[in-house]
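Work through the exercises below with the sequence and the 3D structure open. Try each task before reading its solution.

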Amino acid sequence: MKFINIGFGNMVSANRIITIATPDSAPVKRLIQDAKDSGRVIDVSCGRRTRSVIITDSEHVILSAIQSETIANRLDNVSDDEESEEE
């Protein structure tokens, strides 16, 4: 199981991530509010501005202060490591 650093020492399992989005659009803001209402939001931004929203296969919504592109690059690096281990 591979983990990705999503900021401030917090990690998430790479296998559980469904999508990484920016929090700017109205549908994503609605998704965050619905998740807050049902208790599925995990805020790891440590009081900073939310720059990325990670949605997991368990329908949890993780709010991070790290840019979406940075997290995507970290996810790509983990995927590359897994491929090289298989060879």
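**Exercise 1.** Is Ser-45 buried or exposed, and which residues is Ser-45 in contact with, leaving aside its neighbours within four places in sequence?

*Solution.* Ser-45 has a relative accessible area of 2%. Buried means under 20% relative accessible area, exposed over 50%, and partly exposed in between (1.4 Å probe, protein chains only). Ser-45 is therefore buried. Its place is in the loop between β4 and β5; helices (H or I, at least four residues) and strands (E, at least two) are DSSP runs, numbered from the N terminus. Contact means heavy atoms within 4.5 Å. With the neighbours within four places in sequence left aside, Ser-45 is in contact with Phe-8, Thr-50, Leu-63, Ser-64 and Ala-65.

Before going on, note the ground rules. This is a predicted model, in which local features need pLDDT of at least 70 and side-chain atom pairs count only at pLDDT 80 or more, while totals for chains, interfaces and linings use all residues. Residues are numbered from 1 along each chain as its sequence is written, and side-chain values use heavy atoms, with hydrogens and water left out.

**Exercise 2.** Repeat the work for helix α2: what is its reach from first C-alpha to last, and what covers its buried residues?

*Solution.* Helix α2 (residues 68–86) has 19 residues and reaches 27 Å, close to the 27 Å expected at 1.5 Å a residue. Its buried residues are Ser-68, Ile-71 and Val-78. Down the axis of α2 they fall within an arc of 90°, so they line one face of the helix. Their cover includes β1 (3–7), β3 (17–21), β5 (52–56) and β6 (61–64).

**Exercise 3.** Which side chains meet in a salt bridge?

*Solution.* A salt bridge is a side-chain nitrogen of Lys or Arg within 4 Å of a carboxyl oxygen of Asp or Glu. The structure holds one: the side chains of Arg-16 and Asp-57 meet at 2.6 Å, N to O. The pair links distant parts of the chain, with Arg-16 in the loop between β2 and β3 and Asp-57 in the loop between β5 and β6, 41 residues apart. Arg-16 is partly exposed at 39% relative accessibility, and Asp-57 is partly exposed at 42%.

**Exercise 4.** What is the phi of Phe-8, and what is that of Glu-59?

*Solution.* Most residues other than glycine have a negative phi. Phe-8 has a positive phi, near 55°, and lies in the loop between β1 and β2. Glu-59 has a positive phi, near 65°, and sits in the loop between β5 and β6. Phe-8 is partly exposed at 42%; Glu-59 counts as exposed at 52%.

Methods:
The expected span of a helix is 1.5 Å times one less than its number of residues. The arc is that of the directions from the helix axis to the C-beta atoms.
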